[in-house]
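The following paragraphs go through the interface between two protein chains. The account begins with strand pairing and then turns to areas and contacts.

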2 protein chains.
Amino acid sequence: MGRDDCIFCRIIAGQIPCTKVYEDDAVLAFLDIGPISPGHTLVVVKPHVRHLYDGDSDVLEGLGSALGRVAGAVVEATGADGCNVLCNNGRAAGQLVDHVHFHVIPRRQDDGLFPHWPKFEYEPGQAEAIAQSIREKL
Amino acid sequence: MGRDDCIFCRIIAGQIPCTKVYEDDAVLAFLDIGPISPGHTLVVVKPHVRHLYDGDSDVLEGLGSALGRVAGAVVEATGADGCNVLCNNGRAAGQLVDHVHFHVIPRRQDDGLFPHWPKFEYEPGQAEAIAQSIREKL
């Protein structure tokens with residue numbers, strides 16, 4: 001199943017060590033070795049799938065369920081005030097390993113992480129036109 | 001089911017309009033009115049649940065499946081190079097509406113959004129101690 005050239009496949013196969021926190025049929029969860037905050041955890045789907053939107057429904061269902069469970073444990077264990085749960089898809093979005101994974105990043109009030117949320121406003125009619133094009137792809 | 005004081009419950013109930021892109025038994029997806037990039041979509045679970053880790057397994061399974069489907073359509077429709085899929089839990093993490101939702105944010109190469117990823121290194125033994133405390137909460 002796993003790919004020899006994928007570090008997450010090799011971790012799942014037990015060929016590379018990790019600091020594991022959880023495992024079930026759908027996912028393996030372990031600490032990120034380049035954490036943003038203490039307890040920063042990766043929840044990795046078991047099949048080698050590059051983007052979230054490439055995954056089968058079964059895989060994504062198991063992932064959704066595991067995400068809630070792992071995120072709750074991470075927040076409780078670290079005593080955090082909350083967490084970000086983030087999946088980057090594609091290099092443009094910051095994905096560095098081409099195997100679907102969610103970051104669970106514990107957050108504390110005023111920790112200063114991710115301060116930038118650069119929102120804008122749509123021109124009149126722009127939102128409806130974009131929504132229509134999305135509906136057509138669903 | 002919905003709460004009168006929750007804007008997402010009111011949108012789900014049809015009491016407040018939205019630019020809908022998708023709906024199934026588990027979620028409603030519509031364009032964010034304060035988008036970070038064109039096509040920025042919210043995928044909102046139907047029950048009023050505050051944090052991802054407060055959700056029932058059934059709700060989270062449906063959410064996981066819908067997330068993949070919606071994210072794929074958003075990327076395809078906008079011609080983006082990828083996307084971030086992000087759930088903020090708690091004020092400390094940037095959650096503004098206390099009803100579980102994922103942001104699907106289309107990204108383009110070098111768009112300059114979210115440039116900051118402030119990682120650090122664990123002290124020796126620190127990672128294993130944190131992982132053990134997370135395991136104990138699972």
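Two strands are said to pair if DSSP finds at least two bridges between them; helices (H or I, at least four residues) and strands (E, at least two) are DSSP runs, numbered from the N terminus. This is a predicted model, in which local features need pLDDT of at least 70 and side-chain atom pairs count only at pLDDT 80 or more, while totals for chains, interfaces and linings use all residues. Residues are numbered from 1 along each chain as its sequence is written, chains are lettered from A and ligands numbered from 1 in the order in which they are written, and side-chain values use heavy atoms, with hydrogens and water left out.

β4(A) pairs with strand β4 (residues 82-89) of chain B in the antiparallel sense, over 7 bridges. In this pairing A:C83 stands opposite B:N89 in β4(B).

Contact (heavy atoms within 4.5 Å) links 71 residues of chain A with 71 residues of chain B. The two chains bury about 5,700 Å² between them, 69% of it on carbon and sulfur atoms; buried area is the accessible area (1.4 Å probe) that two parts lose on being put together, summed over both. A:A92, A:W117 and A:L138 supply 12% of the area that chain A buries against chain B, more than any other three residues.

The interface also holds 2 salt bridges, each defined as a side-chain nitrogen of Lys or Arg within 4 Å of a carboxyl oxygen of Asp or Glu. The side chains of A:E76 and B:K137 form a salt bridge at 3.8 Å, N to O. α2(A) gives the most to the side of chain A that touches chain B, with 17 residues.
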